[in-house]
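Could you walk me through this structure in my viewer? Please tell me what to select and what is there.

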Amino acid sequence: MRARLSEAGVDPTAGVRVADLDELRAFVRRYGLPCIVKPVSNSGSAGITKMTSESELAEAFARADDSYQGLAHAGVLVEEFLDGPQFSVEAVSEAGEHQVVAITAKFSDPGSFVELGHVTPARLTDEVRDEVHAYVGAVLDALGVEFGPTHSEICLTEKGPRLIETHIRMGGDEIPALVRDAIGVDVDDCAARQTLGESVVPGVRSTLAEDRPARCSAVWFAALEVTGVLDHVGRLDEARSLPGVTEVRLLAKPGAEVGGLTSSDSRVAFARALADTPEEAARAARAAVEHLEFTLKVSAHRGRAI
């Protein structure tokens, strides 16, 4: 993907697959720090390191080269670090024609890069929004995408939009639900009808052109710093009754081992909310997950003693 976008003049972000520490060092010498080291084959932000010092090389390489979720060791990628706010862009394509449906603002943990929240639509100027639409269209053209839904994650840098990754599928993390609630376009439904041979882009454009009340939809995820076995979740009904909240759902069941934030699978609950502005929607969703009370069972220290 990186090579194709660079060759097409769409995105010059440096990124290569490295086989060992020597190749990782060579990338750092050429492009400098910080950089991102991550697994070739993985999901949910597991195994990612933002490397700021050459002393971190070995640890970052080992983390990315480890196996996750039963996936075999597929290798290690190193990429230029992209600095700026992050967004995801949902689009639908037909016969090589791309229609952006929504731009979603993303909030991630600064250490693990695990995503903690999303809000649709993002607060952007018309100029920036048009720039993002054109950029994503150029990315999809360069990658040969012609059909179906896409989910592109971008960073707005000082030099303009830059691609983090793109997928020929709907977004995760409840983003299709946010888009449906705020924009009125059901991306899941579009994907199903396209698969059955129907044309959906005209209908998407008609929905986008409707005069709708301005609404923003957000999701926020809960993660636990303390490690233990989940015993009980309290104040769930109270969280669901908070103003603007449309859904609160548990992602971990009692008896599950929880704690830490190593990947998206570490998150234990989420809340969705609707409001008039992106900021209000994000605050309402975050308030709902922070309202929850988690009771954990923890074991006594079992390590060595001298």
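Start by selecting Ser-93, which sits in strand S5, residues 86-94 (strands are DSSP runs of E with at least two residues, numbered from the N terminus). This is a predicted model, in which local features need pLDDT of at least 70, side-chain atom pairs count only at pLDDT 80 or more, and totals for chains, interfaces and linings use all residues. Residues are numbered from 1 along each chain as its sequence is written, and side-chain values use heavy atoms, with hydrogens and water left out.

Is Ser-93 buried or exposed? Ser-93 has a relative accessible area of 0%, so it is buried (under 20% relative accessible area, with a 1.4 Å probe and protein chains only).

Next, select what surrounds it. Setting aside neighbours within four places in sequence, Ser-93 has contacts (heavy atoms within 4.5 Å) with His-98, Leu-140, Val-145, Glu-146, Phe-147, Gly-148 and Gln-194.

Now zoom out to the whole chain. Colour by secondary structure to find nine helices and 15 strands; helices are DSSP runs of H or I with at least four residues. Of the 306 residues, 46% are buried, as Ser-93 is. Of the contacts between residues at least 6 apart in sequence, 67% link residues at least 24 apart.

Along the principal axes, the C-alpha atoms fill a box of roughly 70 × 55 × 35 Å.

Note on methods: Buried means under 20% relative accessible area, exposed over 50%, partly exposed in between (1.4 Å probe, protein chains only).
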